[in-house]
Amino acid sequence: MPILSASDQEYLRQVFAERLRDSVTIELFTQRVTQISIPGYECATCRETNQLMEEVAGLSDKITLQMFDLLQDAERARQAGVEEIPAIILKGHNKGVVRFIGVPAGYEFATLIEDIIDVSRGTTELTPLSRETLAKLAQPVHIKVFVTPTCPYCPSVARLAHMMAIESEKVTADVIEVSEFPHVAQRYRVFAVPKVVINESLEFEGARPEAAFVAMVESVAGTVPPAEDQPESGSSPDR
């Protein structure tokens, strides 16, 4: 039985036809369905995520789905920074890394759809000031946004993090469906969602306006000073 209803599929097919510009690849790291159960390698939502991604990819010829098994494709998973499954990585015109960890269900399904559109177009709705700030980031930034499918406040935070990754090569943004990973919830002391952790050093709970979120990222990464403020190569600063 399909996960998406016939009406939802038709709606998304039309949205993709109207709004997708270029191709998008969905890399899905998962557990392939087998008859053998491997202790410590159970994935409760992989089957559902596999089917959902297959249905989404089937709605546009501009979407390609590539599936990888965490064990059989261990080296590729390591290079992609994937430790938990299911994990979804979107690739297109994004400059940074856009990832979902866990099934993008409930409110987060809309986040996935909007991300696919942005990745295909290489642009987002971030303000020019936010884009300018992100372009000047001095250090790499890893943003982790912890969400649950029933949280109505989570998508806005998840979208902002992913838009920053689409706009900046310095940003990796993970949206993590934390109820699927109790050990992760415990490690990061997630007692309420949305919760954001930036570079393992700055964290906050609840939604934030775009300007405030970008400012927090900037405070962690720093920014490259303007060229006129940098000493010329081979010269010494005045004493």
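The disulfides here follow the pattern 1-2, 3-4, counting bonded cysteines along the chain. A disulfide, for this talk, is a pair of cysteine sulfur atoms within 2.5 Å. Searching the whole structure turns up 2 disulfides.

Before the details, a word on the source. This is a predicted model, where local features need pLDDT of at least 70 and side-chain atom pairs count only at pLDDT 80 or more, while totals for chains, interfaces and linings use all residues. Residues are numbered from 1 along each chain as its sequence is written, and side-chain values use heavy atoms, with hydrogens and water left out.

Take Cys43 and Cys46. Their disulfide has an S to S distance of 2.0 Å. The link is right-handed, with 85 degrees about the S-S bond. Buried or exposed? Cys43 and Cys46 are both buried. Buried means under 20% relative accessible area, exposed over 50%, and partly exposed in between, using a 1.4 Å probe and protein chains only.

Now Cys151 and Cys154. Their sulfur atoms sit 2.4 Å apart. The torsion about that S-S bond is about 95 degrees, so this disulfide is right-handed. Cys151 is buried, and Cys154 is too.

Next, the cores. A nonpolar core is a set of buried Ala, Val, Leu, Ile, Met, Phe, Trp, Tyr and Cys residues joined through side-chain atoms within 4.5 Å. The largest one has 54 residues; Phe16, Val56, Ile116, Ile143, Met164 and Phe213 touch the most other members. Which helix gives the largest share of this core? Helix α6, residues 154-167, with 9 residues. Helices are DSSP runs of H or I, at least four residues; strands are runs of E, at least two; both are numbered from the N terminus.

Look at Val56. Leaving out residues up to four places away in sequence, Val56 touches Leu4, Phe16, Ile63, Phe109 and Ile116. Contact here means heavy atoms within 4.5 Å. There is also a second, separate core of 21 residues, including Phe29, Ala77, Ile176 and Val184.

Last, the whole chain. The protein has 8 helices and 8 strands. Buried residues make up 48% of its 239 residues. Of the contacts with a separation of 6 or more, 75% come from residues 24 or more positions apart. The C-alpha atoms fill a box of roughly 75 × 45 × 35 Å along the principal axes.
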